[in-house]
Amino acid sequence: MNTTILSESALFRGIQPDEAKEMLHCLGAERRKFSKGERIFCAGDITTELGLVLTGSILIQNNDFWGNTTVLDHVIPGQIFAETYACTGEPLMVDAVAAEAVEVLLLNVGRVLQTCPQVCAHHSRLIRNLLFLSARKNLNLSRKIFHTASKSIRGRLLSYLSFQSTRCGSRSFTIPFNRQQLADYLNVDRSALSNELSKMQKDGLIRVDRNRFELLCSHDML
């Protein structure tokens, strides 16, 4: 396994590739590959493992009784998932689904949280990294709540797109969602979302090319 991928991830930040390799057996690590649409974890599962995406990406989504899907997160290489459920032992309330062909590293959370004498210094850093990532995920969830607070689709789009622009430091940016995924993330109907995006373009607020956006000021249309 190319352990450089691990050392470049947020979970293993500050841990050298050879140190990460030394830790894998201790952490009960297991590499697994999944095809697009395949579920890594299902709602109702109880897991003792957290996942780290090595290649591809994963959608964290919720499906209600009537089959409606809400996308909660998009997990890309170097990011982790299912750590909250692995740490608490609570049944999953969401599905973790491969958005494309994906390879993940599954780590036993009990071994992650319990340090061992052989790699204690590195292990302590790993635990600090996990705590930081969990806190950041809580922040991302708070952002989603903020983006979906508006009762109007336009209000939700303006909130989400403004945040993406600020995060990228540019009025032009690419979002990680396709149209259906964006609709699911904002908890709106896809057709209504597409219609509102068209209206926002006509009103001179944005330019859109698939998942590429540009926010416009009034003088941009002159």
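Here's a quick briefing on the fold, one of the sheets and the cysteines. The model is predicted. The protein has 222 residues, 42% of which count as buried, and its secondary structure comes to 8 helices and 11 strands.

**Overall build**
- The C-alpha trace spans about 65 × 40 × 30 Å along its principal axes.
- Take the contacts with a separation of 6 or more: 68% of them come from residues 24 or more positions apart.

- β1 runs antiparallel to β8 (residues 102–108), and 5 bridges join the two.
- Phenylalanine 34 has valine 102 in β8 as its bridge partner.

**Cysteines**
- A disulfide is a covalent bond between the sulfur atoms of two cysteines.
- The count here is 0 disulfides.
- Cysteine 42 is in no disulfide: the nearest cysteine sulfur belongs to cysteine 87, 20 Å away.
- For cysteine 87, the closest cysteine sulfur is in cysteine 26, at 16 Å, which is too far for a bond, given a cut-off of 2.5 Å.
- Buried or exposed, or something in between, for cysteine 42? Cysteine 42 counts as partly exposed, at 29% relative accessibility.
- Cysteine 87 also counts as partly exposed, with 41% relative accessibility.

Key
Residues numbered from 1 in each chain as written. Predicted model: local features only at pLDDT ≥ 70, side-chain atom pairs only at ≥ 80, totals over all residues. Heavy atoms only, no water. Buried < 20%, exposed > 50% of the residue type's maximum accessible area, 1.4 Å probe, protein only. Pairing = 2+ DSSP bridges. Helix = DSSP H or I, 4+ residues; strand = E, 2+ residues; numbered from the N terminus. Contact = heavy atoms within 4.5 Å.
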